[in-house]
Amino acid sequence: MVGAACAYYAARSGLSVTVIDRGAVAGGTTGAGEGNLLVSDKEPGPELELALLSTRLWRELADVLPPRIEYEAKGGLVVASGEASLAVLRDFAARQERAGVRVRQIGSGRLRDLEPHLAEDLAGGFHYPQDAQVQPALAAAHLLRAVGGHGPGRVFLRLGEEVTGILKGASGEVRGVRTASGDLHAPYVVNAAGTWGGRLARLAGVDLPVLPRRGFVLVTEPLPRVVRHKVYTADYVADVASGSAALQTSAVVEGTPAGPVLIGASRERVGFDRALSVEALRRLAAQATRLFPVLAGVHAIRTYAGFRPYLPDHLPAIGSDPRVPGLLHACGHEGAGIGLAPATGTIVARIVSGAGLPMDITPFGPDRFEGTSQPRKEPRHGA
Amino acid sequence: MPNSPSDRAADDPYGAVHDLVVIGAGCAGLAGAVTAFEQGLSVALLDTAGRIGGQFYRHPAPAIGAVRPEALHHDWSAFAGLRHRLEASDVVHLAGHHVWTVARQDGANPRWTVHAVTGVDGDGERPVRVHARAVLLATGAYERQLPFPGWTLPGVVGAAGAQAMLKSGLVLPGRRVVVAGSGPLLLAVASSLAAAGARVPLVVEASGYLGYARRPDVLAVNPQKLAEAVVHGAALLRHGVRLRTRSAVTDVHGADRVEAVTVSRLDRDWRPVQGSGRRIACDALAVGHGLVPQTELATSLGCATRRTQDGTYALALDALQQTSVPGLWAAGETGGIGGAQLARVEGELAGFAVAAQVRGGHEPARDGRVRELQRRRERMRAFAGAMTAMHAPGPGWVDWLDDATEVCRCEEVRAGAIREAVDEHGARDARTVKLLTRAGMGWCQGRVCGAAVARLAAGGGAPAVPPSPERRPLAVPVALELLGSLDTTAPTSSPAAPAQRPDTAGPDGAATSGD
Ligand SMILES: Cc1cc2nc3c(=O)[nH]c(=O)nc-3n(C[C@H](O)[C@H](O)[C@H](O)COP(=O)(O)OP(=O)(O)OC[C@H]3O[C@@H](n4cnc5c(N)ncnc54)[C@H](O)[C@@H]3O)c2cc1C
Ligand SMILES: Cc1cc2nc3c(=O)[nH]c(=O)nc-3n(C[C@H](O)[C@H](O)[C@H](O)COP(=O)(O)OP(=O)(O)OC[C@H]3O[C@@H](n4cnc5c(N)ncnc54)[C@H](O)[C@@H]3O)c2cc1C
């Protein structure tokens, strides 16, 4: 998703762009996650600023791209089960509001006006009209095609080709990339390799500590619309911000235009292990049926796992790498890469074309971990 | 011995830790379960079905009052033998158990937890767990379908499905049934249908049977296969059934049910020969293109697979039927399509191997019986491999599809939408086609359309992204309420805690991530 957005905005500003992926379009984490475009879960700070910018850009994209990307400005509903968590939420929402988020408190008696099937014993909640949803794989695919033939900017797509080296010039500046089918020359290379962004950075000789954080999503059989918003509990916000390796689950429940309800997602740091976690599924199912008792008899027909790309401070790496001229990074968006993609793409395009930046990007500096990380050993299982 | 381990296991099958849990009570699972028991293990045997026998020895419920179910089976005596040994054993048979996942707890003594849903057919659906020191996966296969215009019309049924229906309920799909597709099962299906009173005007086989003549080596060492062919051949002749090779049903006619089919000749690549179509009247079509190993319980655990000669995936097994994950064995069609006899041999072999492992006894490979079973397995696997290659779908079958042909029936995705995802949107494999079109996302989870979608995704040329075995981490759908109420604590004697996993990048295979 992030690479597609970078290509789209760069081509729109008149650049010629080649997108290289070792797999298919949306074959990475983009095809293994969900498409929540959230502001509601973000603390005031640089990530929220990026999310608010993206929210606007997603609305613009929704007008340009075909309806098949399933963009829905459906809004989010964050609920609290007791008075204590409601108080935490209220404080959180007040701070968000000061940062520019639109949010409205909903009393417990009114919750079911918004979500008729919600459990009756909840203490209250907050409605976030800016939260939206998109189908990530379709969005990425259509974004890559959206530039089309008009104008000087073009997007060339090379799939099934792995980047195996970064070409550098005499003074260490980027000259292009190497793949099995040959060298490709370009003055700028954007690392949008998501969870594998650390490895691509290493090919360029720099360290970027991107790590995987696993998530499971449960998918139900198709249903008529029983869930209208993105609904989740107050605990979710704490889980998102947590640095813990342990399994955390607070289910976000949402309906999709195609019918199935998505329940996701768990968060845990277990490397790239995709073995099914029965405990993660149990918690997702229990939390979803706690929020929506009507889902009790509904079947989960599938589940899938993905690996969010995260950096130690939970912020993405966006911008030029001062260590290697011509190298830019756009990765490490953790559980928000779909939402944050348009703002990221805009920033990358502006840097390359020399235009002014829409916001301060210092917090996303790709070299901010320099000297802080211990040398890491890459485990050699199997490979 | 009222206090023997197996007695306790029978009293509380969900609390005990069995030596072996066998999943699937077909030929392979039955042979494995009774062999392991006779070697001294405590064994639990789970199956979704209410009755043992699997796909091959399907038989009607007693209520139907069939006098001679064996009339539809050759080889009934082999089944009777296994059934007798099972009845004489203390194997705990857990019928009506739908296994949805298998979990492994690492440690010095790995333990397995088999999660199943039971009570699905009555009320009182509930989740259960069965614990074991080893697992034998014998979940068999399902039929491969290749779509073509009209295949969704009522009256079109799966060939193997028709056979299964006939065996379990003695129901015919129609009165005049064309049998089509590819693979040796077609002959069996046609002779059963004819024996049960249907008219079978034609068996339409897409490959040429001549291929068999080119592998006399393999046929010569598998004499019983020749005998089977002769039996079916004779039965077909007796009922006036004709066989047309290198042909396929390329269209189905009828307003709201089958009235006729178009049969076209195929070239070497299975492309229909222009103008060769002929209309054959019938009221049902039984169609199938061989079987696909049902391996998802194992692939979810990361078991290694091998690509079969017809482009599907089977579990990669060692000389003693163990998968690449220690403690997990497999037998029968899960390791590659090979028929009931091979499934029995492999089940028995696995039974001996598991017993040797769990008991820590002698080296099984030195046992004369084990070596004999291994020899028979090699011989039959060679034949099965040759047969699979012979009936592998040719690349030209995609020409049977027009853009309006529905490929994924659950999500109603047409061939045109899949071609568009590949040509226009950068899909290169079944997974991305699924993400972009929803083909394979429905109730059957791509079991019906998976093969077809993978082929269409590969487009005209060589696939840009190598295909990978399908993953279905939930082998069967599970109600959220059951999932949410699972007990995930460890069994009575708690195994060691899972090993801590490093937090850094893993093997490259993870790149083809997700669903
Ligand atoms: C369960 C789950 C739920 C999620 N839910 C949401 C959500 O609701 N909202 C949200 O905004 N985000 C969500 N996310 C996070 C989101 O999916 C990611 O942040 C986002 O997909 C990252 O996009 P990306 O383009 O950076 O990475 P990817 O989509 O992984 O793309 C990186 C690409 O780089 C390619 N690549 C890597 N190395 C090489 C190489 N050497 N040569 C060539 N190609 C290479 C890969 O093949 C891959 O296609 C979720 C994630 C998970 C796991
Ligand atoms: C529909 C069908 C019809 C066939 N008809 C013929 C025929 O007429 N003649 C012929 O020679 N061969 C036929 N075959 C092939 C033949 O059945 C196999 O060669 C033989 O049965 C292989 O034995 P097996 O033990 O490997 O698998 P099977 O006999 O298929 O047994 C597998 C068992 O596993 C159980 N199972 C699967 N998944 C689960 C789960 N998740 N939880 C619990 N239990 C599970 C199934 O209920 C089944 O009982 C047919 C195959 C199929 C699929």
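The domain assignment of chain A gives domain 1 (2-69 + 135-210 + 313-364) and domain 2 (76-128 + 211-310), with bounds that come from an automatic or database domain assignment. This is a predicted model, in which local features need pLDDT of at least 70, side-chain atom pairs count only at pLDDT 80 or more, and totals for chains, interfaces and linings use all residues. Residues are numbered from 1 along each chain as its sequence is written, chains are lettered from A and ligands numbered from 1 in the order in which they are written, and side-chain values use heavy atoms, with hydrogens and water left out.

**View 1. Contact between domain 1 and domain 2 of chain A.** The centres of the two domains, taken over C-alpha atoms, are 27 Å apart. Domain 1 of chain A puts 25 residues into the contact and domain 2 of chain A puts in 34 (contact: heavy atoms within 4.5 Å). Together they bury about 2,400 Å², 58% of it on carbon and sulfur atoms; buried area is the accessible area (1.4 Å probe) that two parts lose on being put together, summed over both. On the domain 1 side, A:Glu34, A:Ser40 and A:Glu334 lose the most area to domain 2 of chain A, together 26% of what that side buries.

**View 2. Shell around ligand 1.** Ligand 1 lies between domain 1 and domain 2 of chain A, because both give residues to its shell. There are 34 residues around ligand 1, and A:Asp21, A:Thr30, A:Asn36, A:Glu334 and A:Gly339 come nearest (a residue is near if one of its heavy atoms lies within 4 Å). Strand E16 (299-310) of chain A is one of the elements that supply at least two residues, and the largest share, four residues, comes from E16(A). Helices (H or I, at least four residues) and strands (E, at least two) are DSSP runs, numbered from the N terminus.

**View 3. Backbone atoms at ligand 1.** A backbone N or O atom of A:Val163 is 2.8 Å from a nitrogen atom of ligand 1. Oxygen atoms of ligand 1 lie 3.0 Å from a backbone N or O atom of A:Val2 and 3.0 Å from one of A:Gly337. The protein covers 95% of the 1,000 Å² of accessible area that ligand 1 has on its own (Shrake-Rupley method, 1.4 Å probe).

**View 4. Shell around ligand 2.** Ligand 2 is surrounded by 29 residues, the closest being B:Ala28, B:Asp47, B:Thr48, B:Gln163 and B:Glu333. Domain 1 (5-142 + 292-386) and domain 2 (145-289) of chain B both give residues to this shell, so ligand 2 lies between them.

Definitions and conventions: A polar contact is a pair of N or O atoms within 3.5 Å; within protein, one must be able to donate a hydrogen and the other to accept it, and residues adjacent in sequence count only if both atoms are side-chain atoms.
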